[in-house]
Amino acid sequence: MAHGSGGRLTSGLIDRLLLPRFNNPRLAPLADAAVVDLKEASWAFTTDAYVIKPLFFPGGDIGKLAVCGTINDLAVMGAAPMYLSCGLIMEEGLAMDTLERVVCSMGQTARLAGVEVVTGDTKVVGRGEADGLFIHMSGLGMVKEGISLGQEKIRVGDKVLINGTIGDHGIAVLSAREKLHFETAIQSDAAPLHSLIAGMLEVSDQIKIMRDPTRGGLATTLNELVRGMNFGLTLEEEALPVSKEILTLCRLIGFDPLYVANEGKVVVIAAREDADLLLKTMRSHPQGRESRIIGEVTSGPAGRVLLHTATGGKRLVDTLAADQLPRIC
């Protein structure tokens with residue numbers, strides 16, 4: 001199970017087994033989507049599988065999650081999402097009403113986002129073999145001319161921004177899965193971010209790279225950005241946007257919000273001189289009201305992420321080997 005958590009074991013599986021067999025210039029960056037050139041235009045192409053349990057959770061469901069997640073993987077590459085595929089793997093015995101709710105949610109989310117589901121597939125597997133429903137989705141989007149993002153563009157002094165609070169999605173799903181009942185309403189942040197990102201790209205040509213911090217959370221995403229590079233990242237704990245509710249619940253169960261999954265967040269590394277402009281632009285969008293500058297690129301320690309704590313200390317923010325475990329004593 002740990003090999004699918006998005007942490008160190010996932011990276012090891014990709015590096016040792018998958019990358020050597022499939023390696024090519026479009027795959028090598030291991031970004032959220034591959035950028036391919038077709039007929040004098042650049043396109044971003046991505047694929048993802050969604051296996052969440054439970055199928056419905058506060059603020060969303062597996063269908064909404066699949067559409068939003070695929071759109072966001074394209075958007076962080078600077079692409080305008082256009083076309084999606086949908087593969088449904090259904091378990092024998094899945095209630096038709098459940099399937100209808102999920103498919104209606106997918107259709108509504110796609111329509112509101114302005115994308116089309118243009119191809120798909122359905123399969124049924126035996127009872128007990130699919131946790132009810134799995135969804136596999138791919139997406140295609142056109143990259144606007146002149147946009148070129150990549151890890152190699154990052155420079156010391158660049159700023160790190162995020163468009164809102166972290167940890168909401170992971171805790172919302174956990175509360176539904178474990179049937180935890182809280183007085184406060186915790187909602188998933190699942191949302192398509194392409195319009196927010198398009199606005200950012202309109203005002204600045206100094207965005208170096210963007211990522212959506214899903215599995216493994218913000219900490220894992222930032223570690224992926226600095227791994228093997230000659231620079232590091234430093235975060236400011238007091239600048240991290242974490243709601244009081246999420247922070248309290250994470251402390252209660254022993255989780256660190258830095259490692260909790262998000263589904264409606266984008267991490268941006270941009271040149272220092274454009275950081276304030278981007279922050280203003282992000283905050284003017286409904287999905288960026290809580291945007292913050294949370295850190296910057298530093299010369300060292302190379303390949304590491306550090307956190308300046310609220311008490312004045314420094315903490316190494318490493319990649320987890322597997323999933324976080326709840327505190328038991």
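R101 lies over the face of F56, at 3.7 Å from the ring centre. A charge is said to sit over a ring if NZ of Lys or CZ of Arg is within 6 Å of the ring centre and within 35 degrees of the ring normal. Aromatic pairs, by contrast, number 0 in the structure; such a pair would need rings of Phe, Tyr or Trp (its six-membered ring) with centres within 6.5 Å, counted as stacked with planes under 30 degrees apart, edge-to-face over 60 and tilted for the rest.

The model is predicted: local features need pLDDT of at least 70, side-chain atom pairs count only at pLDDT 80 or more, and totals for chains, interfaces and linings use all residues. Residues are numbered from 1 along each chain as its sequence is written, and side-chain values use heavy atoms, with hydrogens and water left out.

Let us turn to the sheet. In which order do the 5 strands of the open sheet stand? The order is β1-β2-β7-β5-β6, with mixed pairing. Strands (E, at least two residues) and helices (H or I, at least four) are DSSP runs numbered from the N terminus, and two strands pair if DSSP finds at least two bridges between them. At the edges are β1 (34-38) and β6 (116-125), each of which pairs on one side only. On average, neighbouring strands of this sheet are turned by 20 degrees against each other, direction ignored. Angles run from 0 to 180 degrees between N-to-C directions, and the axes are lines fitted to C-alpha atoms, for helices over the stretch in contact.

Helix α2 (residues 62-75) touches β2, β5 (79-91) and β7 (133-143), and its direction makes about 30 degrees with that of β7. Helix α3 (residues 96-113) touches β5 and β7, and its direction makes about 10 degrees with that of β7. Contact here means heavy atoms within 4.5 Å.

Next comes strand β8 (residues 159-162). K159 and L161 point one way from β8, V160 and I162 point the other way, and all are buried. Buried means under 20% relative accessible area, exposed over 50%, and partly exposed in between (1.4 Å probe, protein chains only). In a regular strand the side chains alternate between the two faces of the sheet. Strand β8 runs antiparallel to β11 (residues 267-270), with 4 bridges, and I162 stands opposite V267 there. Another 4 bridges join β8 to β12, also antiparallel, where L161 has I293 as its bridge partner.

Which residues is R211 in contact with, leaving aside its neighbours within four places in sequence? They are D32, V76, T221, E224, L225, K265, V266 and V267. R211 belongs to strand β9 (residues 207-211). Is R211 buried or exposed? R211 is buried, because its relative accessible area is 12%.

Finally, the backbone. Most residues other than glycine have a negative phi, and most peptide bonds are trans. L30, in the loop between α1 (8-22) and β1, has a positive phi of about 50 degrees although it is not a glycine. D131, in the loop between β6 and β7, likewise has a positive phi of about 50 degrees. The peptide bond from K53 to P54 is cis, with omega near 5 degrees.
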